[in-house]
Amino acid sequence: MECMGFSMLPEGCVSTILSFTSPPDACKSSLVSSIFRAAAESDVVWERFLPADYHDILSRLVEPLVVSSKKELFLRLCEPTLIDGGNKRFRLEKWSGKTSYLLSARELSITWSHDPVHWRWTSVPESRFSEVVELKTVCRLEIYGKIRTQMLSPNTKYGAYLIIKISNRAYGLDLMPSEISVEVSNSTEIIYGTAYLRCSDSKKKQMQRLFHGNCREMLRTTRVVEGDGRSVPCERGDGWMEVELGDFFNGDQGDDEEVKMSLREVKGYHLKGGLIIEGIEVRPKDSRKLCVC
């Protein structure tokens, strides 16, 4: 009887009800009846799942989208899409409609990155951007990124992740832990910790330990310990690794704050190289792998 009652509701009313659910729920509801199926395809439903600033995002796309409905637009934006001249990648979470951004290396502030003695800008086929940057040699490793909270979904906990590779020629990256931090302006809370940029190849690590053994002994007495937890690069499904820099909660967007993210190793004074940086990803921490019809 309840199902029959819902089936008697006007399609517009059903669409309004479905717009207060989630994208997966709207898809599932299309199996209930023909009225629900029509309502689940409605622009009223899918426009509510789009971010409030989606018109601005569309104006910044590298390649314009041609779509016939808000549902199609939502699904297209769930695919990684380049914006801002190809220097950022945007996508929506399929299960929630929440926004994620990947800031390219060109969007970051990296000490001496414009000096070809220290860094090399290059392209790699597995990157989503036209350029990545490879560390040749520095004694001070400083990587900074920033993003505005208004670009992100409200009432959401976000994580910031440095996307990297470590080349076969890497050296000196894990002799000392790097300092990592995430800070929101006008907030008293600063998330900070340490991370080791370790090589993934055990043989390379053995050679590195042998080569830098004397240096390591010299640095051992000055090693910095900040807390019990330390991050190490984690393998991603796209061939890259990521280091979590920290997390933060984006509130109801009453204010547009600046989020600052960083990784620094400036205390060792030893040379290091072989780090390849694609960018920093800012994504919801409760991301799920759910499919949308």
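## Salt bridges, to begin with

A salt bridge here is a side-chain nitrogen of Lys or Arg lying within 4 Å of a carboxyl oxygen of Asp or Glu. By that rule, Lys88 and Glu107 qualify, since their side chains meet with an N to O distance of 3.2 Å. Lys88 sits in strand β2 and Glu107 in the loop between β3 and β4, so this bridge ties together parts that are 19 residues apart in sequence. The two partners are placed as follows: Lys88 is buried, with a relative accessible area of 12%, while Glu107 is partly exposed at 32%.

Please keep in mind as you read on that this is a predicted model.

## The chain as a whole

The protein chain has nine helices and 15 strands. Of its 293 residues, 48% are buried. The chain exposes about 15000 Å², and carbon and sulfur atoms supply 53% of that area.

Let us turn to contacts along the sequence. Among contacts with a separation of 6 or more, 71% involve residues 24 or more positions apart.

## More charged pairs

In the whole structure, a search finds 29 salt bridges. One of them joins Lys146 and Glu258, whose closest N and O atoms are 4.0 Å apart. Lys146 is exposed, at 54% relative accessibility, whereas Glu258 counts as buried at 19%.

Another salt bridge is formed by Arg236 and Glu281, with the closest N and O atoms 2.9 Å apart.

## Aromatic pairs

The structure holds five aromatic pairs. In one of them, the ring centres of Trp46 and Phe74 are 5.2 Å apart and the planes stand at 55°, so the pair is tilted. Trp46 comes from helix α5 and Phe74 from helix α7, so the pair ties together parts that are 28 residues apart in sequence. Both Trp46 and Phe74 are buried. Ring pairs also bring in Phe49, giving a cluster of Trp46, Phe49 and Phe74.

Phe90 and Tyr101 make an edge-to-face pair, 5.3 Å from centre to centre with 65° between the planes. Phe90 lies in strand β2 and Tyr101 in strand β3, so parts that are 11 residues apart in sequence are tied together by the pair. Phe90 is buried at 0% relative accessibility, and Tyr101 is buried too, at 1%.

## Charges over rings

Arg106 lies over the face of Trp121, 3.7 Å from the ring centre. Lys165 lies over the face of Trp240, at 4.9 Å from the ring centre.

## Around Arg169

Arg169 is found in strand β8, which covers residues 156–171. With a relative accessible area of 58%, Arg169 is exposed. The side chains of Arg169 and Glu134 are joined by a polar contact of 2.9 Å. Leu275 is 106 residues from Arg169 in sequence, yet the two are 9.0 Å apart in space, C-alpha to C-alpha.

Technical notes:
Residues numbered from 1 in each chain as written. Predicted model: local features only at pLDDT ≥ 70, side-chain atom pairs only at ≥ 80, totals over all residues. Heavy atoms only, no water. Phe/Tyr/Trp six-rings, centres within 6.5 Å; stacked < 30°, edge-to-face > 60°. Helix = DSSP H or I, 4+ residues; strand = E, 2+ residues; numbered from the N terminus. Buried < 20%, exposed > 50% of the residue type's maximum accessible area, 1.4 Å probe, protein only. Lys NZ or Arg CZ within 6 Å of the ring centre and 35° of its normal. Polar contact = N/O pair within 3.5 Å; in protein donor to acceptor, adjacent residues only side chain to side chain. Contact = heavy atoms within 4.5 Å. Areas by Shrake-Rupley, 256 points an atom, 1.4 Å probe, with all protein chains shown as cover.
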